[in-house]
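Welcome, and please open your viewer. We will go from one selection to the next, with a short note on what to look for at each stop.

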Amino acid sequence: MEKFKKTYFEECEDRIHDVEQGFTQMRDEAGDDATIERIFCAIHSIKSGAAAFAFHEVVHFSHMLETVLDFVREGKLTPSRDMSDVFLRATDIISDMINMERTQEKIRAEYGADVLEELKVLAATADGDLSNTIAADRVNSIEKKPPPGRSVTSLRVDVACIDQLFDLVEKMV
């Protein structure tokens, strides 16, 4: 089993690198459908392998990124620089989680929660469930503030908005 895990971790390094390159291309508006498809397949492979080894946190987080990427593939979301930055931060979280699994470090439940919420907002927006709600107004007025030690932006959303979004996402799933 350890041999298979070692192979999985090595393959993840390559896939993460490919995903980062793809998201960087998207951010620089050089990404196309083929780029999005490669990214989606890489994230799906990471998620599937994580499921095989019962790396539940990696599976859960990767699944949400995969869901949002599927909306991009379907044309329900149009990639933007800000969205690509969220995707890059999500990739960093997945990479960190994989490294934590590799070293058998416990992944805290709240690890990556802010980025996960941003992905949930994107998913809810893509599905159209926010169009006639108070949450839609709040999504449009999200305060952007750089996280500590990072040069990319993050989203800050009112707690009431998050509650509404959870309700909407729950209905989608």
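Predicted model: local features only at pLDDT ≥ 70, side-chain atom pairs only at ≥ 80, totals over all residues.

**The whole chain.** Show everything as a cartoon. The protein has seven helices and two strands, and from the N terminus on they run α-α-α-α-α-α-β-β-α. Of its 173 residues, 43% count as buried. Take contacts between residues at least 6 apart in sequence: 67% of them join residues at least 24 apart.

**Helix α4.** Now select residues 81-102, which form α4. How far apart are its end C-alpha atoms? They are 31 Å apart, which agrees with the 32 Å that 22 residues should span at 1.5 Å a residue.

**Arg 89.** Go back into α4 and show the side chain of Arg 89. Is Arg 89 buried or exposed? Arg 89 counts as buried because its relative accessibility is 5%, and the cut-off for buried is under 20%.

**α1 beside α4.** Next, color α1, residues 2-27. Two packed helices are described by the angle between their axes and the distance between the axes. Here the axes of α1 and α4 come within 9 Å and cross at roughly 170 degrees. Angles over 145 degrees count as roughly antiparallel, so that is how α1 and α4 lie to each other. Show side chains where they meet: among them are Tyr 8, Cys 12 and Phe 23 in α1, and Phe 87, Leu 88 and Thr 91 in α4.

**The nonpolar core.** Which residues touch the most other members of the largest nonpolar core? Select Tyr 8, Phe 23, Phe 61, Leu 65, Phe 87 and Leu 119 to see them; the core has 43 residues. At least two residues each come from α1, α2 (33-52), α3 (56-73), α4 and α5 (113-126). The largest share, ten residues, is supplied by α4.

**Leu 119.** For the last stop, center on Leu 119. Leaving aside residues up to four places away in sequence, Leu 119 touches Phe 61, Met 64, Leu 65, Val 68, Val 86, Phe 87 and Ala 90.

Notes. Residues numbered from 1 in each chain as written. Heavy atoms only, no water. Helix = DSSP H or I, 4+ residues; strand = E, 2+ residues; numbered from the N terminus. Buried < 20%, exposed > 50% of the residue type's maximum accessible area, 1.4 Å probe, protein only. Expected span 1.5 Å × (residues − 1). Core = buried A, V, L, I, M, F, W, Y, C linked by side-chain atoms within 4.5 Å. Contact = heavy atoms within 4.5 Å. Axes fitted to C-alpha atoms, helices over the stretch in contact; angles between N-to-C directions. Parallel < 35°, antiparallel > 145°, perpendicular 65-115°, else oblique.
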